Amino acid sequence: MNVAVRGHTATKQASEHFDVLIVGAGISGIGSAYHVQKQLPGTSYVILETQETFGGTWSTHRYPGIRSDSDLHTFGYSFKPWVGPPIATAEEILSYMKEVIDDNDIARHIRYKHRINSASWSSEQNLWTIEAVTTDTGEPKTFTANFLWMCQGYYRHSEGYTPEWKGMDRFKGRIVHPQTWPDDIDLTNKKVVVIGSGATAATLVPNIADKCAHVTMLQRSPTYFRLGRNAIEIAEELRRLQVDEEWIHEIVRRKILFEQDAFTKLCVSKPEQVKKDLIGQISAVLGPDYDVETHFTPTYRPWRQRIAFVPDADLFKGIASGKASVVTDEIECFVENGIQLKSGKLLEADVIVTATGFNLAALGDIAFEIDGKPLAFGDTVTYRGMMFTGVPNMVWVFGYFRASWTLRVDLVADFVCRLLGHMKAKGAKKVEVKLRPEDHNMPILPWIDPENFNPGYMMRNMDLLPKRGDKPEWQHSQDYWTEKDEIPKTDLDDKAFVYG
């Protein structure tokens, strides 16, 4: 029987040991598991997942119309061709993930309903000890692992972010957050107000417009959107030519990534041109008389916050039809029958949906200890957004905002597998990152530059996240097109890596 270790204190509770412990069975965890099996055969691993099934976001979020806002040719895995429309429903994404799990016999490695409470590293034993509890029975479980692979995402699944507005207790209707959408809600002939202007609001509004009496999207300030067909012409043409799906997947991925790179650079070099083009698409749908200046002209340059793709312009067609509308204003207070705005206008509502964002959760709200001392991630410095100074044998998957999250899942997985292979060749039991002598006077900065990217959920809780430096290796640049070349070339014997 293995002996569980928490810090330096041994307990007698039976534990299971694995070479690698993966936290989370979402898009990151399943992708990482595939790479472990493929690249490091014989490596024992387990995936611990709090929910009762796989899928992460695509399983827990159940609001009407939930869909990706990245194309599935790049949001899908590099190793698994995507054959459906580029913007996919949660159901389609879950089906795709299930095929990956079934095709690679991953299910037997997943422990569902396992909530992790703590993770403790012992330098004496070079082991992580994970204390978990089963959510259905409350039974404590202990695991030990040589390496910890954090794939749990960056927000709290149990609750979304809803600001505290004055008078919320006075409202006689129902207040709902999309992240915890209730099964029993009926919007038929109801007046609905959706607070928010991001991808969730843009998805929800057109998907409930036909059922409601009317739906209003209430935003404090406008957001950028991109419009287009939910189809990719080159993929359709290659299928007509009966080209193998694996070839199509690779060709389409490369085309999309090339175009995304060009668009991202254009947002920086010619922001006014991009702004004009994006808003022009909306004007073309809504017509010349619609006030796009007020409702769809953001004050910031494109790509300082995520740009949501609106397939087939469904949000704007809903507005043009009169079934949906947009109000740009600020909330004074909630009243019995709706929302009183600062302009003096009253928005009547039976149901208010707060599509107001996430609660950031640094590394899954797990209590971390290093040799018995509590770990504050905000005090560490990140190595390429994957590893942290003073935290041995651990990697975190934090994806991209301007490109598909999953692109980084593949990149990080390749890096981890190479690192574990390198450790084995060296006979090392431990690796951690450390600032080098040449980094001693490097500025230590917040996780992300707010001038570069500044969504509210990041700005509210930036102190929870690790710090970055001003050198490429000590930050998560959010630049896939550079990282795809740099990370595979990482010198694992660089002085930033300390082995033991």
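This is a predicted model: local features need pLDDT of at least 70, side-chain atom pairs count only at pLDDT 80 or more; totals for chains, interfaces and linings use all residues.
**View 1. Cysteines C151 and C417 in a model without disulfides.** The structure holds zero disulfides, a disulfide being a pair of cysteine sulfur atoms within 2.5 Å. C151 takes part in none, and the cysteine sulfur nearest to that of C151 belongs to C417, 11 Å away. Residues are numbered from 1 along each chain as its sequence is written, and side-chain values use heavy atoms, with hydrogens and water left out.

View 2. C151 is buried, with a relative accessible area of 5%, where buried means under 20% relative accessible area, exposed over 50%, and partly exposed in between (1.4 Å probe, protein chains only). C417 is buried as well, with a relative accessible area of 4%.

View 3. Eight of the eleven residues of strand β7 (residues 140-150) are buried; helices (H or I, at least four residues) and strands (E, at least two) are DSSP runs, numbered from the N terminus. Strand β6 (residues 127-134) pairs with β7 in the antiparallel sense over six bridges, and two strands pair if DSSP finds at least two bridges between them. A132 has K141 of β7 as its bridge partner. Five residues lie between the two strands of this hairpin, and G138 in the turn has a positive phi of about 75°.

**View 4. Strand β7 beside β22.** β7 also pairs with strand β22 (residues 394-396), in the parallel sense and over three bridges. Here W149 stands opposite V395 in β22.
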